[in-house]
Amino acid sequence: MEKVIITGGTGYIGSHTVVEFLNAGFETIIIDNLVNSKIEVLSGIEKICKRKPVFYQEDITDISAIQKIFEEHKDAVAVIHFAAYKSVGESVENPLKYYHNNIQGLVNLLRKMQNTGVKNLVFSSSCTVYGQPEKLPVTEKSPVIKPESPYGNTKKINEEIIEDTIKTNSEINCISLRYFNPIGAHPSAEIGEFPLGVPDNLLPYITQTAIGLREKLSVFGNDYNTPDGTAIRDYINVVDLAKAHVIAVNRLLEKKNKDRLEVFNIGTGEGVSVMEVIRSFEKVSNQKLNYKITGRRPGDIEKVWADTTKANKILGWKAEKTLDETILSAWEWEKKIRNKS
Ligand code: NAD
Ligand code: WQD
């Protein structure tokens, strides 16, 4: 059984990806310090897959901890690297926390990959590296700009670190997946998104409002240059997104990659407004959402959605789930964790 190391594997996207690797017959080795996830996620994964991932509660910024894990699993065929901090607002308040965790963590992993036989990397990048693109949909060739937030900048710098490292080490290969806006939960409702504290992101804020944890959703601006005035994003189902990682690893294992660092946009290719997300939620949950229009959120861009032609043609990957089914999965998960289903 081929073995993959998954950093951040108890997190939101990581846990769904562990499930897809287990389903595809891989052995999964999770490294996560649980700074933004819960140990119970492992039981959720086991319920879905009837198999357990191997789990290390370790911090990837600790090189000696990583060293031991790589020694023990030097036969792993790839690293899938999710472990990072991801709050845009917090990164503006505390940039060094973000630069330390997100950059030191990657540097440590690359060091160990250089010294061991583990030579394939799949990296979690983000559409944030494009900022507000001039042309939409955004392709992988669109200019990468310095993102507004330190968090976003760590993603840009990480891609540069990988590129520079690969130039000096002819064996490491990487696929960087630039995710658009991941939403939803596993259809089993055994795993999903579990934001600690008040959610920053739209969909968890909506489901927490509907379940009664928050009073009202604020819609950040309805004066954008979009059909209904609210901002537009490309919301990608987390299970569809997770599947892209298995395809990426297989591509590297089969040596089908054309470059040693390949970049792919992972989105649906469809732009959806905040009001369209609210309407979809109201439809699938069969209830009205309490919301009000407020001012724009500082730093927000107006609109972005992906050109996914490259991922569709070269990876043979395509988003499959509809917006309604994805939003319903998030709602089922919210009800389950609050014991209201
Ligand atoms: P998440 O916070 O749910 O998962 C990240 C996991 O990494 C958590 O379980 C956390 O405990 C762990 N972690 C953080 N620092 C660590 C460290 N030093 N050592 C060990 N474990 C550590 O986040 P997510 O939404 O699943 O995001 C996963 C990755 O995808 C991140 O790199 C994120 O930047 C990227 N990404 C996320 C989004 C999004 O909207 N969710 C969009 C684009 C890219
Ligand atoms: C979506 C839309 C908000 C909350 C962030 C990061 C980005 C990426 C994904 C990792 C926007 C609006 C939101 C609310 C609202 N992460 N909104 N009321 O801002 O596109 O991207 O997560 O790489 O880097 O910046 O996602 O879910 O926060 O917002 O009206 O309470 O919903 O203004 O238009 P965003 P989001």
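Reader: What should I know before I start?

Author: This is a predicted model, in which local features need pLDDT of at least 70 and side-chain atom pairs count only at pLDDT 80 or more, while totals for chains, interfaces and linings use all residues. Residues are numbered from 1 along each chain as its sequence is written, chains are lettered from A and ligands numbered from 1 in the order in which they are written, and side-chain values use heavy atoms, with hydrogens and water left out.

Reader: Which residues come closest to ligand 1?

Author: A residue is near a molecule if one of its heavy atoms lies within 4 Å of it. Here 27 residues surround ligand 1. The closest are D32, N36, S37, N101 and Y151.

Reader: Which polar side-chain atom lies 2.7 Å from an oxygen atom of ligand 1?

Author: A polar contact is a pair of N or O atoms within 3.5 Å; within protein, one must be able to donate a hydrogen and the other to accept it, and residues adjacent in sequence count only if both atoms are side-chain atoms. N36 places a polar side-chain atom 2.7 Å from an oxygen atom of ligand 1. The side chain of S37 also has an N or O atom 2.7 Å from an oxygen atom of ligand 1. F82 uses its backbone: an N or O atom there lies 2.8 Å from a ligand 1 oxygen atom.

Reader: How much of ligand 1 does the protein bury?

Author: Accessible areas come from the Shrake-Rupley method with a 1.4 Å probe; for residues, only the protein chains shown count as cover. Taken alone, ligand 1 exposes 820 Å², and the protein buries 96% of that.

Reader: Which elements give two or more residues to the shell around ligand 1?

Author: Elements are DSSP runs, numbered from the N terminus: helices are H or I with at least four residues, strands are E with at least two. For ligand 1, the elements giving two or more residues are α1 (12-23), β5 and α6. β5 gives the most, with three residues.

Reader: How do the residues of that shell divide by class?

Author: Ala, Val, Leu, Ile, Met, Phe, Trp, Tyr, Cys and Pro count as nonpolar, Asp, Glu, Lys and Arg as charged, and the others, Gly among them, as polar. The shell around ligand 1 has 12 nonpolar, 10 polar and five charged residues.

Reader: Which residues come nearest to ligand 2?

Author: Of the 19 residues around ligand 2, the nearest are S126, Y151, S218, R233 and D300. A polar backbone atom of S218 is 2.7 Å from a nitrogen atom of ligand 2. For F220, a polar backbone atom is 2.9 Å from an oxygen atom of ligand 2. Alone, ligand 2 exposes 690 Å², of which the protein buries 87%. β8 (217-220) supplies the largest share of the shell, four residues. By class, the shell around ligand 2 has 10 nonpolar, five polar and four charged residues.

Reader: How many cavities are there of 30 Å³ or more?

Author: On a 1 Å grid over the protein atoms alone, a cavity is a set of points where a 1.4 Å probe fits but cannot get out; lining residues have an atom within 4 Å of a point. Grid points are joined across faces, edges and corners, and a volume is the space filled by probe spheres set on the points. The count here is two cavities of 30 Å³ or more. α7 (202-211) and α11 (323-337) each supply at least two of the lining residues. The second largest cavity holds about 30 Å³. Its lining includes H81, F82, N102 and K155.

Reader: Is T226 buried or exposed?

Author: Buried means under 20% relative accessible area, exposed over 50%, partly exposed in between (1.4 Å probe, protein chains only). T226 is buried, at 13%. It sits in the loop between β8 and β9 (232-233). A polar atom of its side chain lies 2.9 Å from the backbone nitrogen of G229. The T226 side chain also reaches the backbone oxygen of T230 at 2.7 Å.

Reader: Where is phi positive in a residue other than glycine?

Author: K50 is one case, with phi near 60°. K50 lies in the loop between α2 (41-49) and β3 (54-56). K50 is exposed, at 67% relative accessibility. A189 also has a positive phi, about 60°. A189 is buried, at 9%.

Reader: Which peptide bond is cis?

Author: The bond from L136 to P137 is cis, with omega near -5°. P137 is in the loop between β5 and α6.

Conventions. On a 1 Å grid over the protein atoms alone, a cavity is a set of points where a 1.4 Å probe fits but cannot get out, and a pocket is an open set with protein on both sides within 12 Å along at least five of seven lines; lining residues have an atom within 4 Å of a point.
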